[in-house]
Amino acid sequence: MATVETNAASSAVHVEEHDHHEELSFLRKYVFSEDHKTIAKQYMFSGIFWAIIGASLSVLFRLQLGFPNMTLEWLRPILGGWIDESGKLDKEFYLAMVTMHGTIMVFFVLTAGLSGTFSNFLIPLQVGARDMASGFLNMLSYWFFFLSSVLMFSSLFIETGPASGGWVIYPPLSALPQAMSGSGLGMTLWLMSMAIFIVSQLLGGINYITTVINLRTRGMSFSKMPLTIWAFLLTAILGLISFPVLLSAALLLIFDRSMGTSFYLSEIYIGGEALPNIGGSPILFQHLFWFLGHPEVYIVLLPALGITSEIIATNSRKPIFGYRAMIASMIGIAFLAFIVWAHHMFVTGMNPFLGSIFMFLTLIIAVPSAVKAFNYITTLWRGNIVFTPAMLFSIGLVSFFISGGLTGIILGNSALDIQLHDTYFVVAHFHLVMGAASAFGFLAGVYHWFPKFFGRMMNPTLGHIHFWLTFIGIYLVFFPLHYIGIAGFPRRYYSFTTYEAFRTFGDLNMFVSIAAIFTFTAQFIFLWNFFYSIFKGRKAAQNPWNSNTLEWTTPLHPGHGNWPGEIPPVYRWPYDYSKPGATSDFIPQNVPYSQTPESNLPHENALIALEKEIEAQNYNDQFKQPH
Amino acid sequence: MVYLVGLLSLVFLVLAILVLTRLTSVLKGVNGDTPTQESEGASVSNRVNGFLFLVFFVAGAIAAAWSFIHASQFFLPEASSPHGRHTDNLFWLTMSVITIAFVVTNALLFYFAFKYQYRKNHRATYYPENHKLELIWTVIPAVVMALLVFTGWRAWRDITKEAPENALAIEIVGKQFNWEMRYPGVDNDKLGNYNYKLIDAANSLGIDLEDESSFDDVTVSNEMHIPVNRPVLLKIRAKDVLHSVFIPHMRVKMDAVPGMPTRFWFVADKTTEQMRNETGNQNFKYEIACTEVCGQGHFSMRTTLIVEDEDSYNKWMAEQKPWLTKNPEYLARVPEKLKAKAAKYAPADAAAPADSTAAPVEEGAGATTSASLR
């Protein structure tokens, strides 16, 4: 505790010294900023913007599914021609909304919004760096993302509609404009947008990896890194390896669409004519797509799990249980993520032998996932839990992770997947395990690091209400979807009235839609709380959650360079909460063992000798001040 | 109605939370401090949140159990194939394993949250690791997974092995937005070649008349007939975009891929008639659906499947005219050396009207004969 105060005091002195630092123009400071904190905020606001769009789309198509007889004439002012003469949603527009909901949520909200915000914000602050390895590339990364967002957003307004072949854009449907109107200009914009998005991800990823490897502060060895950083590092590695494959998949599709190649097209008769393309394979696209698509699931989920690890430990006032096991299981998941992609393709006509192999590999991934879940639960055991909104969302995340993950055991089994493939069971599964869980990771992160982002607190009461409404709402939406899936209802159906087998469950579908609208509405509590607190929230303390990690040693409003003086060295792991014998129930990472003789474990006393050595190192902070 | 009640009770629950939390924020306002970890932990809202986790678990468990029982009448519609019953059993086996895991882990999560909520002047237990415990819960899931994988793999191997010799091969072709079937005909048991470049308005499957096996091939759309208890091999292809053959009651699903024929074989062991008696629904029909998004008509690519005993099937088959007989103008496409063989399939009324070229293939060829089953 004492050190934190000294630190704060010395910060105040240094702030004075550096106030005369050259003032950046408005454009350089807030728009084309190279400061990781500003870029993180840009990602955060963009992510929230996209989340509102993506969630609104889901409410629109839930209206169609829950109330198939409802006239949507009242939406004509917004949707125009997409409401047909009978006042119903246009059938292709329904597919367009499903497609855009998936694309937006997976890529723009949970990849860019989540990783972009928290990797950017937390990596330099938690490893003890002045900024990202390359601020310029980091800025480029955001603006490429922005450009890609503009393209994707504009595709919502064109006459032929946005891409409509599902977020997986399987050719030939996505390759042939004569197959559906969304495969025209909408698809072109989708592909351009995604190509640029991938460039942005790669620029970001290279930066994250380089920063974590090279710019850690003195003493911050890999075995002392917070689990958040481990998660962000592995996420970036996953993205760096898998996104280029999606880029090639997209490029080949662009060639097929515009240059008459036949990578994915063969023996097609459509619109009254036989196309000349021969020898391509639509399955090739699926392999390439899922080679990204599956790691993508973990790109979305791992940061959320990292954020949760940090928040659960802090608010349980306990070290995370099995720190090394957590790292090992994340590495295991990250590795296995690359060799399970074809479990999305069991019934695509892929060789059944391959199906067997991928079933074995897929079910192995359940083991590290189970270890993570058990470790979270054990961290709560005999803790002293403070239910901050962030903590509530983290516990909710663990619950979603378990509930959604378990059904993966069924879907990963190729024999069982025959019946359940492309039904609502899949929808329920992935919305819980990657959608809702990752969204909770994002919300937990916003609540937890809001004081660091804006120097103010969000209203905890509104946070609690937001949590309970959202948590209950999401279970009410996705739990019943399992039932609909077990009954065999296929995904992406505009209506279920054509089939006798799918005519049941009309009331359940209505219930799900009501729950979805309810959950969506509850998010406005968050939005209000978020924007209100930015300006009017209560002033935060420097370390409001009594947390151990380095970001809380920076001033309330960290300037460019984060620490006014020298970057603090790190002596211990980040989870020294409730250490027996310690005066306080937390010991920050920058407190040397020599200052805490009362709580040191035997092997830690031996580490006191190394402190001088750690302090003498100075690889990354030669000027000992921001420059 | 029940759902409405459920929703209403939820709204009341929410209101209750609101009132409670309001109260705490008012109380907190009196103190007027910046919130800190301790003050938040000691507040009433912390106890409320802890308690709510317990309430959530109990209420959630009841709601899940009740809704499950309520909805289970529609689960996995009665399987009509042996492999389907096998995978259903595996499904429920796996389901029971994961339900146990689901209940136990969620129970611990919510109970611990409630039990170990903040208490003033209390310290959490410093408990960073326990290798034995971690080993146990790594090994147990691994063993359970291994067992599940093994049973699943055996089922998968049996389902995907080569179709038996006596299997009836039927071609099913997906296009925007319906299915078309082709039967090998009564004279030879072989499906003729096809070529997508031969597709035109009448020859919608691209039947290749240079192959004599195709002369007796029969095409139908709208409904598929298959004999009961005889292996059926579906030869699946697509004309335009991806489709996927899904027969829910048969537990059959396989994508239809342009340029890459796929296959799936199964045995139907309950006739449509039997299912009508079993389900008590006299209008029962087996249905074929599409499960790979294929455009605006994706949700309505419905075809009925009629499973009948061998005799009825043979009778139906015998009544079908080969495609060539229905489209005699295509006799001109038959190569010279096979003309003699093809002559057999020329319609009895040799002077077929010349304008029939323009007529598309008659949809639902078997419609009248099987009216009793539709």
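The dialogue below reads selected features of a predicted model with chains A and B.

Reader: What are the ground rules for numbering and for confidence in this model?

Author: Residues are numbered from 1 along each chain as its sequence is written, while chains are lettered from A and ligands numbered from 1 in the order in which they are written. The model is predicted, so local features need pLDDT of at least 70, and side-chain atom pairs count only at pLDDT 80 or more, whereas totals for chains, interfaces and linings use all residues.

Reader: What is the mean pLDDT of chain A, and where does pLDDT stay under 50?

Author: pLDDT is the predictor's confidence in each residue, from 0 to 100. Chain A has a mean of 92, and 96% of its residues reach 70 or more. Over residues 1-19 of chain A the value stays under 50. For that stretch the model has 22 contacts beyond four places in sequence, a contact being two residues whose C-beta atoms, placed from the backbone, lie within 7 Å.

Reader: How many helices and strands does each chain have?

Author: Helices (H or I, at least four residues) and strands (E, at least two) are DSSP runs, numbered from the N terminus. Chain A comes to 19 helices and two strands. Chain B has nine helices and ten strands.

Reader: What does the radius of gyration say about chain A?

Author: The radius is taken over C-alpha atoms, and the globule rule is 2.2 Å times the number of residues to the power 0.38. For 627 residues the rule gives a radius near 25 Å for a compact globule, and chain A agrees, with 25 Å. Along the principal axes, its C-alpha atoms fill a box of roughly 80 × 50 × 50 Å.

Reader: How do I read the open sheet of five strands in chain B?

Author: Two strands pair if DSSP finds at least two bridges between them. The strand order in chain B is β4-β10-β9-β6-β7, with mixed pairing. At the edges stand β4 (223-227) and β7 (252-256) of chain B; each has a single partner strand, so one side of each is left without a neighbour in the sheet. From one strand to the next the twist averages 25°; axes are lines fitted to C-alpha atoms, for helices over the stretch in contact, and angles run from 0 to 180 degrees between N-to-C directions.

Reader: What pairs with β4(B), and which helix lies across it?

Author: β4(B) pairs in the parallel sense with β10 (residues 303-308) of chain B, over five bridges. M224(B) is opposite L305(B) in β10(B). Helix α7 (residues 310-319) of chain B lies across β4 and β10 of chain B, at about 135° to β4(B).

Reader: How is β5(B) paired?

Author: β1(B) and β5(B) run parallel, joined by seven bridges. V173(B) stands opposite R237(B) in β5(B). Between β5(B) and β8 (residues 262-267) of chain B there are six bridges, and these two run antiparallel. Here V232(B) is opposite F266(B) in β8(B).

Reader: Which peptide bonds are cis, and which residues have a positive phi although they are not glycine?

Author: Most residues other than glycine have a negative phi, and most peptide bonds are trans. In chain A, the bond from P171(A) to P172(A) is cis, with omega near 5°. P172(A) is in the loop between α6 (135-154) and α7 (185-214) of chain A. In chain B, a cis bond joins Q176(B) and F177(B), with omega about -5°. F177(B) sits in the loop between β1 (168-175) and β2 (178-183) of chain B.

As for phi, R382(A) has a positive value of about 55°, and N229(B) has one of about 60°. R382(A) counts as partly exposed because it has 17 C-beta neighbours inside 10 Å. N229(B) is partly exposed too, with 13 other C-beta atoms within 10 Å.

How values were computed:
Buried ≥ 20, exposed ≤ 12 C-beta atoms within 10 Å, placed from the backbone.
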